[in-house]
Amino acid sequence: MISSNGPMGNFDHPLARLDRVTLLSHALWSLAAEKLQLTDEQLIERMVELDEADGVRDQKVTVYPKQCSCGAMVSANPGWCMSCGERGDFSPFHSV
Ligand SMILES: [Zn+2]
């Protein structure tokens, strides 16, 4: 694991975090596939569906800002309106 101890404290390198997220995703998928009898093809189909849901097939999910009831634009991160504080209507997956 790539990590560092510095004046800002302990932190993991982004690639190390990516490795852990990849491992977590793999573990979750292997459990789901085993318990729910899903196939890799079904997983790939769902990935394509989610990828294409934003209108562009580019192997990522792009979340566009939404207009708040106060008129300001709200992005998925932080997920709330910086003008009035109202929480945006974003999926939990979009605000990480
Ligand atoms: Zn607002």
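A residue is buried if 20 or more other C-beta atoms lie within 10 Å of its own, exposed if 12 or fewer, and partly exposed in between, with C-beta atoms placed from the backbone. By that count Met 47 is exposed, with 12 other C-beta atoms within 10 Å. Met 47 belongs to helix H2.

**Basis and confidence**

This is a predicted model, in which local features need pLDDT of at least 70, side-chain atom pairs count only at pLDDT 80 or more, and totals for chains, interfaces and linings use all residues. Residues are numbered from 1 along each chain as its sequence is written. pLDDT is the predictor's confidence in each residue, from 0 to 100. The protein has a mean pLDDT of 89, and 88% of its residues reach 70 or more. Confidence is lowest in strand E1 (residues 3-6), where the mean is 56. It is highest in H2, at 96.

**Overall layout**

The protein has 2 helices and 4 strands. Helices (H or I, at least four residues) and strands (E, at least two) are DSSP runs, numbered from the N terminus. Along the sequence the pattern reads β-β-α-α-β-β. Of the 96 residues, 3% count as buried. Two residues are in contact if their C-beta atoms, placed from the backbone, lie within 7 Å. Among contacts with a separation of 6 or more, 3% come from residues 24 or more positions apart.

**The two helices**

The expected span of a helix is 1.5 Å times one less than its number of residues. H1 has 23 residues, so it should span 33 Å; its end C-alpha atoms are 32 Å apart, which agrees. H2 has 13 residues and should span 18 Å; its end C-alpha atoms are 18 Å apart, in agreement. How many of the 23 residues of H1 are buried? The number is 0, so H1 lies largely in the open. For H2 the number buried among its 13 residues is also 0, so H2 too lies largely in the open.

**Positive phi in the loops**

Gln 37 sits in the loop between helix H1 (14-36) and helix H2 (40-52). It comes just after H1 and takes a positive phi of about 55 degrees. Gln 37 counts as exposed because it has 8 C-beta neighbours inside 10 Å.

Gln 59 is placed in the loop between H2 and strand E3 (66-67). Its phi is near 60 degrees, again a positive value in a residue other than glycine. Gln 59 also has 8 C-beta neighbours inside 10 Å, so it counts as exposed.

Pro 65 is another residue of the loop between H2 and E3. Is Pro 65 buried or exposed? It is exposed, because 12 other C-beta atoms lie within 10 Å. Which residues does Pro 65 contact, leaving aside its neighbours within four places in sequence? They are Met 73, Val 74 and Ser 75.

**After strand E4**

Pro 78 is in the segment after strand E4 (73-74). A cis peptide bond joins Asn 77 to Pro 78, with omega about 25 degrees. Asp 89 is also in the segment after E4. Asp 89 has 11 C-beta neighbours inside 10 Å, so it counts as exposed.

**C-alpha separations**

| Pair | Apart in sequence | C-alpha to C-alpha distance |
|---|---|---|
| Met 47 and Val 61 | 14 residues | 9.7 Å |
| Pro 65 and Gly 79 | 14 residues | 9.2 Å |
| Asp 89 and Ala 76 | 13 residues | 8.4 Å |
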